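Good morning, and thank you for joining. I would ask you to keep the sequence and the model in view while I go through the packing of the helices and the sheet.

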Amino acid sequence: MIINNFMRLIIPSRSQNEAFARAAVTAFAAGLDPTVEEINDIKAATSEAVTNSIVHAYADRIGNIEILARILEPDIFYIRIKDKGCGIADIKQAMTPLFTTCAEGERAGLGFAVMESFMDKLRVTSKPGKGTSVTMTKRIKSRYEQN
C-alpha cells in the first residue's frame, strides 16, 4: 500500500498526555473524512493503547510513547503505539478479556478487547524488558459511501 500521509508523535507517559494523543491522532485521521462513528472508534482504540503504555509499561517511571499514524491509499488508517517499557511476558494472556496485572478493582482488563472491537486489525508484539508495540488498522468505509 502507498503511504499517502503520516505523522509521528513522541510524548512522555504522563496521564494528561492521553487526551492529547487521542486528539492529535483523530485530527490526523480526519484527512480520510471518516464518519463520527469511525472517528470515535479510532479515538477509543488510541486511548486504550496509550493508557496501557502509561499504566503498565511505565508503571514505576516516566518513559516515551511513540505514536506513528499513516493514511494508506486508498482508505486505510494505520496507527502504531510503541513504548520501551517493561514489555509483556504472555501476550495471549494479556489479550484475554478481564485479565489485568493491576490490583483488584483498579483496571477492568478490557483494553485489548476494546482495541480489537473498534479496529479492523490489531497486532501486539512485545519483549519483556524491551517494550511493546500495538499496531492497528481501520478501513474508512465512508470513503466509498461518498463517491
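Helices here are DSSP runs of H or I with at least four residues, strands are runs of E with at least two, and both are numbered from the N terminus. The angle between α1 and α2 is about 145°, and their axes lie 9 Å apart; axes are lines fitted to C-alpha atoms, for helices over the stretch in contact, with angles from 0 to 180 degrees between N-to-C directions.

Please note that this is a predicted model, in which local features need pLDDT of at least 70 and side-chain atom pairs pLDDT 80 or more, while totals for chains, interfaces and linings use all residues. Residues are numbered from 1 along each chain as its sequence is written, and side-chain values use heavy atoms, without hydrogens or water.

Which residues make the contact between the two helices? Among them are Ala21, Val25 and Ala29 of α1, and Ile39, Val50 and Ile54 of α2, contact being heavy atoms within 4.5 Å.

Turning to the sheet, five strands form an open arrangement in the order β1-β2-β3-β5-β4, with antiparallel pairing; two strands pair if DSSP finds at least two bridges between them. β1 and β4 are the edge strands, each pairing on one side only. The twist from one strand to the next averages 10°. α1 lies across β1, β2 and β3, and runs at about 170° to β1.

β2 and β3 are joined by eight bridges, and Ile65 has Asp83 in β3 as its bridge partner. Seven bridges connect β4 and β5, also antiparallel, with Leu122 opposite Met136 in β5. Their hairpin has three residues between the strands, and Gly129 there takes a positive phi near 80°.

Finally, the core. The largest nonpolar core has 34 residues, of which Ile67, Phe77 and Met136 touch the most other members. Such a core is a set of buried Ala, Val, Leu, Ile, Met, Phe, Trp, Tyr and Cys residues joined through side-chain atoms within 4.5 Å, and buried means under 20% relative accessible area with a 1.4 Å probe, protein chains only. α2 gives the most to this core, namely seven residues. Leaving aside residues up to four places away in sequence, Ile67 touches, among others, Ala21, Val25 and Val50.

Methods
Buried < 20%, exposed > 50% of the residue type's maximum accessible area, 1.4 Å probe, protein only.
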